[in-house]
Amino acid sequence: MATEEQMYEQLNKGLNDGDEAKSLEATHWLVDNGVNPVEILEEGMAKAMFILGERWKRGEVFLPEVVVSAEVFKKCNAIVEPELAKMGEAKASSLVVMLTVKGDLHDLGKNMVGAMLKTSGFEVHDLGKDVPTDKVIAAVEELKPAIVGMSALLTTTVPQQQVVIKALKKNGLRDKVKVMVGGAPVTQEWADQIGADGYAPSAPEAVEMAKQLIGKA
Amino acid sequence: MAVKGFAWAGEPLEPLSKEQEQLVHERSLDVLQRIGVSTTNDRTLKIMAEQGQDVDFEERRIRFDPAFVEQQIALGRGYYTLGARDPENDLVLDGRHGYISSEGCLAEIYDPAIGDRRYSSKEDLEAMTRLSDALPQIAFLWQPVSANDKIVPVRPMHETHAQWSNTTKHIQQMTAVDPFNARGILEMATVVAGSAEALRERPLISNFQCAISPLHWDDGPVDAIELLGQAGIPVGLVSMPLLAATSPASVAGTLVLANAEILSGMVIQQTLVPGAPTFYTCYATTMDMNSGALNNGWGPEDLTFEIAGGQMARRYGVPSSSGILATGAKQSDWQAGMQTAFSAFEKAVSPSDMLSGAGSYNGSAVFSAVQMILDCEVSDIAMRWAEGYSFDAEQLAVEVIEHVGPGGHFLGEPHTLQHMRDFWRSKVMNRLTWEDWDAAGRPEPWKAAEAEVQRILAEHEPEPLPEDVTKELDRIMDAYEAEAMENMEDD
């Protein structure tokens, strides 16, 4: 008979190795054996992803492995989430809406940031690429995210980030959401100029920035 | 830990056309016939006269018959394996692989503790040998620095003594240029190998002897060639003329002179010890026309010399040794990076069996451990490039392209996870974001190399020698030292 401790260990190892079967088995066991879902999320999944992030920083883990682990994390989360809902647990708003701006099809950087945000316990709603401004406004109104993250790779599409910020203002939403911008041609100067709340040059730094913006850093 | 080297997938890119190669060969035979070489080795003069060569005993000059030259160098044709204390580190010389050694015999070492150069000691030699032992790109050893704290007559033996317990790789003893030290290193090698037969079977050491340009063979080196050759130790013949000083002020003329010197050495070697394992070594280099300083590794002429020797050696069917990774820089800067990268990369397309050597500044005058780490990094890129890449079905990866389809990404694919560690990675290069680089105090790559040197010297312990072998090596060392002291007093 497995113990709770063994299953936490299996979940940790499973998420760190990107082992879907092992991770899901452990998550199911913990839920089925009545472990508090908040504890599973915080002591199990989030902790494992924190360890993964530390290993990544030390260069022991490669980006493709982080992407796989983030996918497994998402599937584990799908098991725990209904349990949280049953408990009526109010989730702190750590929702990030991610998108690549209109006219730009380059979404790899945005996906990387999204994956790493997930590994740090953020919930990510991905609008995809070439996203029209009105779709961003609708998503902010409906989902009430804590942060909107916009990427743009081309010098010709970077100005679209400013268009979105102006539209947020026009719709009275600018005060209700933090805005992060990124992409190869984007700099801190540009972010300041268009009135964004945050900019980061790499995915892990984007996570740090997101934590700061919602006061969790 | 196996050693690394260059393995050439394709045909070598030769710096000389077939016509140019033929001209170098013919003109050097001309030089040997009309001008000849001088030597202070009386035995060689006598034997060459017996062999029907034109010997002037007054001038101590030998003029060689071209047919005799061709006949004698043919006796030395062939490739062989360089043995190592750990047989895993044996180096198979076959004309298709190239192995790098440390630099050698440098009188000074860069000392990070004082931020400057200083005279080297036997202790430095031990440490630099141990460092070389840990680096896979350093496949065999020269004596990185001189044991300046030891008396001159027996210094080459100290330099060998310092190395046995600090490396399990092949040792190319390049400082013993007289029969006394040659006999001493042979005795040591025999003890480590176990017997004279075992040493002949897998020579744990090799050696080379150098002509004095232009066209002279000194007495001691010739005796050493004979003594080591008889024991089956591979001995290379070296020419290292300085363009415009000890060879003509032309690339072609310098190659003719160098080839003549190397062939004359080979003829002497193969006449004294027919069939002795040999190698062809052209270390021709250029001179700074203002100061007269040695400019090895400098630029296009030097880069040509570094690979032309390999081409001539292939013609004669013997292994070659060539220069690699020299720089005139005084620190690990742009100049060092540029010069070493050119030198390493040309070896990726044009082979030499032995390539010496890594880890120096100031025109191969100051040894640098930091630069050796950086040289290994540069060489590692060239080695990987020379090896080429597979284009089999797994690598062509069409199934993966199909699975991802338009607009997706490959990051989480099993194929990616399986192969993401196949690619070359840097130990010291800088790929931080600007912000992280700034926060880290704007470090230069050599800082990482310095940390790597300290890590290796703290951690790396080569496989120790059996205790009785160590004792016997110490005894031999002491005996030769005593004999040398006695000889000095006699003088």
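A residue counts as buried here if 20 or more other C-beta atoms lie within 10 Å of its own, with C-beta atoms placed from the backbone. By that count, 48% of the 491 residues of chain B are buried. Please keep in mind that this is a predicted model.

Let me stay with chain B. It is built from 18 helices and 19 strands. Its radius of gyration is 24 Å, close to the 23 Å that the globule rule gives for 491 residues, so chain B is as compact as a globular protein of that length. Along the principal axes, the C-alpha trace of chain B spans about 85 × 55 × 50 Å. If you take the contacts in chain B between residues at least 6 apart in sequence, 75% of them join residues at least 24 apart.

Now to a strand in the interior. How many of the five residues of strand β14 of chain B are buried? Five of the five, residues 235-239, so β14(B) is largely enclosed by the rest of the structure. In a regular strand the side chains alternate between the two faces of the sheet. Here, Val235(B), Leu237(B) and Ser239(B) point one way from the strand, while Gly236(B) and Val238(B) point the other way. The residues on both sides are buried.

β14(B) has parallel partners. One of them is strand β12 of chain B, residues 205-210, joined to β14(B) by four bridges. In that pair, Asn207(B) has Val235(B) as its bridge partner. Another is strand β15 of chain B, residues 278-282, which runs parallel to β14(B) and is joined to it by five bridges. There, Leu237(B) stands opposite Tyr280(B).

Next, the nonpolar cores. The largest has 123 residues, and Ala189(B) and Cys282(B) are the ones with the most contacts inside it. Which helix gives the most to this core? That is α9 of chain B, residues 251-272, with eleven residues. As for Ala189(B), once neighbours within four places in sequence are left aside, its contacts are Leu199(B), Leu204(B) and Ile205(B). Apart from this core lies another, of 59 residues, and among them are Met7(A), Leu30(A), Val96(A) and Ala146(A).

One more piece of chain B before I move on. There is an open sheet of four strands, in the order β3-β4-β2-β13 of chain B, with mixed pairing. Its edge strands are β3(B), residues 54-56, and β13(B), residues 216-217, each of which pairs on one side only. Inside the sheet, β2(B), residues 37-39, and β4(B), residues 61-63, pair in the antiparallel sense over two bridges. Val37(B) has Ile62(B) as its bridge partner in β4(B). Across β2, β3 and β4 of chain B lies helix α2(B), residues 42-50, running at about 145 degrees to β3(B).

On to chain A, which has nine helices and five strands. Along the sequence, the pattern is α-α-α-α-β-α-β-α-β-α-β-α-β-α. The radius of gyration of chain A is 18 Å, close to the 17 Å that the globule rule gives for 217 residues, so this chain is as compact as a globular protein of that length. Taken along the principal axes, the C-alpha atoms of chain A fill a box of roughly 60 × 40 × 25 Å. Of its 217 residues, 42% are buried. Among contacts in chain A with a separation of 6 or more, 72% are between residues 24 or more positions apart.

The strand to look at in chain A is β1, residues 95-100. Five of the six residues of β1(A) are buried, and the strand is mostly covered. It pairs with β2(A), residues 123-126, in the parallel sense over four bridges. In β2(A), His125(A) is the bridge partner of Val97(A).

Last, where the chains meet. Nine residues of chain B are in contact with eleven residues of chain A. Which elements give two or more residues to the side of chain B that touches chain A? They are α15(B), residues 414-419, and α16(B), residues 434-439. By class, that side of chain B has four nonpolar, four polar and one charged residues.

That is what I have; I will take questions now.

Note on methods:
Residues are numbered from 1 along each chain as its sequence is written. Chains are lettered from A and ligands numbered from 1 in the order in which they are written. This is a predicted model: local features need pLDDT of at least 70, side-chain atom pairs count only at pLDDT 80 or more; totals for chains, interfaces and linings use all residues. The radius of gyration is taken over C-alpha atoms; the globule rule is 2.2 Å times the number of residues to the power 0.38. A residue is buried if 20 or more other C-beta atoms lie within 10 Å of its own, exposed if 12 or fewer, and partly exposed in between; C-beta atoms are placed from the backbone. Two residues are in contact if their C-beta atoms, placed from the backbone, lie within 7 Å. Two strands pair if DSSP finds at least two bridges between them. Axes are lines fitted to C-alpha atoms, for helices over the stretch in contact, and angles run from 0 to 180 degrees between N-to-C directions. A nonpolar core is a set of buried Ala, Val, Leu, Ile, Met, Phe, Trp, Tyr and Cys residues joined through C-beta atoms within 7 Å. Ala, Val, Leu, Ile, Met, Phe, Trp, Tyr, Cys and Pro count as nonpolar, Asp, Glu, Lys and Arg as charged, and the others, Gly among them, as polar.
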